[in-house]
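I opened the model to look up a few things and kept notes as I went. The entries follow in the order I made them.

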Amino acid sequence: FPSHDKNVELFVSISIDYDGVSVNDDLSETIDYLSIAHIVINLAKTEYKLLETFSKDMANSFFLEYSEFAIKSIKIKIEKQLQSKIGIPLDYVGIEQTYNYPY
């Protein structure tokens, strides 16, 4: 994750609620998790100052990539490892945002 804090380790959790979940075990009728991972990796190459901006860009990319699935909501949680001790017992800080569609 390029940023002013060089090479920060992030933990990203994504949950997508959408219509049309396949019940017949056909991968072509569902969201491809590998594609989701590629979107996250490609966006992480961009320099972001805020986790919130990174999160919003991810949600927008998922929504565009999978618009045929009638996405209802996307929840993204990002945790960032603190690079140095700041006098309090925290190893990670982060955000959790939910994007409801349509908005």
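Core. I took a nonpolar core to be a set of buried Ala, Val, Leu, Ile, Met, Phe, Trp, Tyr and Cys residues joined through side-chain atoms within 4.5 Å. Buried means under 20% relative accessible area, exposed means over 50%, and partly exposed lies in between (1.4 Å probe, protein chains only).

Source. The model is predicted, so I noted that local features need pLDDT of at least 70 and side-chain atom pairs count only at pLDDT 80 or more, while totals for chains, interfaces and linings use all residues. Residues are numbered from 1 along each chain as its sequence is written, and side-chain values use heavy atoms, with hydrogens and water left out.

Core, continued. The largest nonpolar core has 24 residues, and the members that touch the most others are Phe54, Met58, Phe62, Ile74, Ile76 and Ile78. At least two residues of this core come from each of β1 (10-18), α1 (33-44), α2 (51-65), β2 and β3. Helices (H or I, at least four residues) and strands (E, at least two) are DSSP runs, numbered from the N terminus.

Ile74. I then listed the contacts of Ile74 (heavy atoms within 4.5 Å). Apart from neighbours within four places in sequence, Ile74 is in contact with residues including Ser15, Ala59, Phe62, Phe63, Thr98 and Tyr101.

Salt bridges. I counted a salt bridge where a side-chain nitrogen of Lys or Arg is within 4 Å of a carboxyl oxygen of Asp or Glu. That rule gives two salt bridges. Asp19 pairs with Lys72, with the closest N and O atoms 3.1 Å apart. Asp19 is in the loop between β1 and α1 and Lys72 is in strand β2, 53 residues apart. Asp19 is partly exposed at 38% relative accessible area, and Lys72 is partly exposed at 39%.

The other salt bridge joins the side chains of Lys75 and Glu96 (3.9 Å, N to O). Lys75 lies in strand β2 and Glu96 in strand β3, so this pair ties together parts 21 residues apart in sequence. Lys75 is partly exposed at 38%, and Glu96 is partly exposed at 47%.

Ser35. Is Ser35 buried or exposed? I found Ser35 in helix α1, and its relative accessibility is 16%, so Ser35 counts as buried. Leaving aside neighbours within four places in sequence, Ser35 is in contact with Glu65 and Tyr66.
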